Amino acid sequence: MLEQIIILDFGSQYTQVIARRVRECNVYSQILRYDTPATEIARLKPSGIILSGGPSSVYTKGAPLPDKNIFNLGVPILGICFGVQLLAQFLGGKVEKGLKREYGKGTLRVTDSYCPLFANLPETLQVWNSHGDKLTKLPRDFKSVAVTENSEFAAIENRERKFFGLQFHPEVAHTPRGKEIIVNFVQNICGCGKSWTMRNYIEQAVDEIRAQVGSERVILGLSGGVDSSVAAALLHKAIGDQLTCIFVNNGLLRAREAEVVQEVFGKHFKLKLQYEDASKLFLKGLKGITDPERKRKIIGKTFIEVFQAATKRAGKAKFLAQGTLYPDVIESVPIAGNPAALIKSHHNVGGLPKKMKFELVEPLKCLFKDEVRELGLELGLPREIVLRQPFPGPGLAVRILGEVSPSRCEILRNADAIVVEEMKSSGLYYKIWQSFAVLLPVRSVGVMGDERTYDYTIAIRAVESQDGMTADWVKLPYDLLEKLASRIINEVKGVNRCVFDITSKPPGTIEWE
Ligand code: XMP
């Protein structure tokens with residue numbers, strides 16, 4: 001069985017970050033609900049358990065509590081923030097409401113340099129705190145190994161039982177050397193090797209796909225985005241021609257998108273690619289429609305019709321493959337007052353109708369996005385596909401305000417191609433979340449040469465974001481903005497003005513619609 005660390009989730013907004021940090025140490029990690037029975041955890045034979053933070057207080061009614069038998073599994077445990085309070089509470093220590101909430105940067109002083117959690121780290125460290133309650137009495141056989149200005153129990157241990165607790169958050173970037181603390185836990189204390197790599201994962205995933213699919217056929221809707229592209233390459237490696245990929249051109253794609261997909265998957269990977277050019281149908285449905293919600297509905301409905309018809313043409317298949325990722329399948333912990341539980345992606349449209357009777361194959365469902373990208377590169381996909389910025393399903397339609405017409409699509413496609421090209425040559429394209437052009441259907445007067453013009457406006461949008469839920473506009477250098485504007489106005493017919501969007505999310509959204 002794959003070596004792994006189990007992370008029990010008590011509702012922290014950082015639980016997934018902990019899981020990612022552990023995997024960055026090349027150790028597989030899984031997030032489980034806080035109340036997962038100890039017997040079930042034991043069956044997974046974890047090398048260690050991490051108790052996440054969380055917004056609750058250990059002493060309030062209804063606080064999420066773990067199965068107490070997890071402390072008898074003989075497995076190393078690391079409690080973080082709320083997790084250390086649980087550890088203390090369950091093993092006979094005391095937690096009290098702190099006089100003031102400790103939030104933000106702090107300085108940790110390691111008082112026992114032999115504590116294996118701090119091996120190879122300096123005596124003082126910058127750490128990030130976020131907690132209200134405070135440990136006031138240690139459980140028996142525990143001792144303090146580090147202190148901060150406000151806490152004499154900032155890090156505690158029972159070295160013999162391999163139980164450790166940290167009042168601060170080692171998983172966040174504001175604890176600059178936190179990653180080394182996590183490495184010390186998973187490698188030195190739990191004894192894990194470095195078995196989790198995407199190269200190893202390919203083998204495991206190929207075996208699993210073959211075991212699930214047998215000799216049946218699989219259909220995959222290939223959008224050209226990162227997830228479906230990597231899923232396609234992985235499935236193709238596992239089952240070759242048993243896989244058919246359906247690529248729908250909805251007429252709302254970016255410049256050269258359909259060509260790139262056909263070149264990469266058809267010519268290079270030589271997988272069975274069914275190209276469906278439905279652009280006329282989509283654009284016909286969108287004619288005269290200006291309301292953004294109606295545009296989305298029409299696109300969604302048309303896609304289902306086109307895809308359904310395409311699957312019939314593809315021949316009988318038992319399975320439908322999807323590029324579902326790990327964050328989509330982690331069950332969120334329903335803890336009152338936990339904002340993390342309320343954040344849900346609102347864009348994951350309901351999927352295909354139930355009457356399409358397929359079984360699902362989801363070969364990426366235990367991976368985080370950065371792992372999917374790494375896997376894509378391992379599988380030989382080009383950087384252009386693997387590292388590309390997110391692109392919405394309804395495509396250019398959400399970037400053309402008002403009516404979507406073939407000529408407006410053409411204008412936006414040309415302007416967008418310039419934004420992508422210049423962002424790439426400035427080196428910023430792969431560093432930020434998204435950068436693109438938006439077409440505003442407002443005409444204004446301009447002069448070009450001796451002529452007056454009356455043309456559209458292009459808005460340039462560039463945002464920084466972790467997950468698309470919140471975003472900051474990127475302060476693009478003036479000379480880059482100047483180049484973008486001058487190229488777009490000179491090269492794209494129908495545009496005579498450029499503006500730069502300086503709205504953050506919230507209150508704005510990333511797309512304009
Ligand atoms: P908003 O505009 O809501 O976008 O701030 C947040 C992120 O979601 C992307 N987006 C979509 N992705 N289907 C998708 O797959 C959609 O319908 C859709 N609408 C927006 C958007 O590009 C941004 O990254």
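In this predicted model, 22 residues line the second largest pocket, and those nearest its centre are Ala255, Glu384, Arg388, Val420 and Lys424. The space inside the second largest pocket comes to about 370 Å³.

On the domain level, the second largest pocket sits between domain 2 (198-385) and domain 3 (401-500), because both of them give residues to its lining.

Turning to helix H12, which spans residues 369-378, the buried residues are Glu371, Val372, Leu375 and Gly376. Looking down the axis of H12, these buried residues stay within an arc of 145 degrees, so they line one face of the helix. The cover over the buried residues of H12 is put together from several parts of the chain, including helix H1 (15-24), helix H5 (198-213), helix H6 (226-239) and helix H13 (383-386). After H12 comes Gly380, which has a positive phi, near 90 degrees.

Notes
Residues numbered from 1 in each chain as written. Predicted model: local features only at pLDDT ≥ 70, side-chain atom pairs only at ≥ 80, totals over all residues. Heavy atoms only, no water. Buried < 20%, exposed > 50% of the residue type's maximum accessible area, 1.4 Å probe, protein only. Helix = DSSP H or I, 4+ residues; strand = E, 2+ residues; numbered from the N terminus. Arc of directions from axis to C-beta. Contact = heavy atoms within 4.5 Å. 1 Å grid on protein atoms, 1.4 Å probe; cavity = no way out; pocket = protein on both sides within 12 Å on 5 of 7 lines; lining within 4 Å. Points joined across faces, edges and corners; volume = space filled by probe spheres on them. Domains from an automatic or database assignment.
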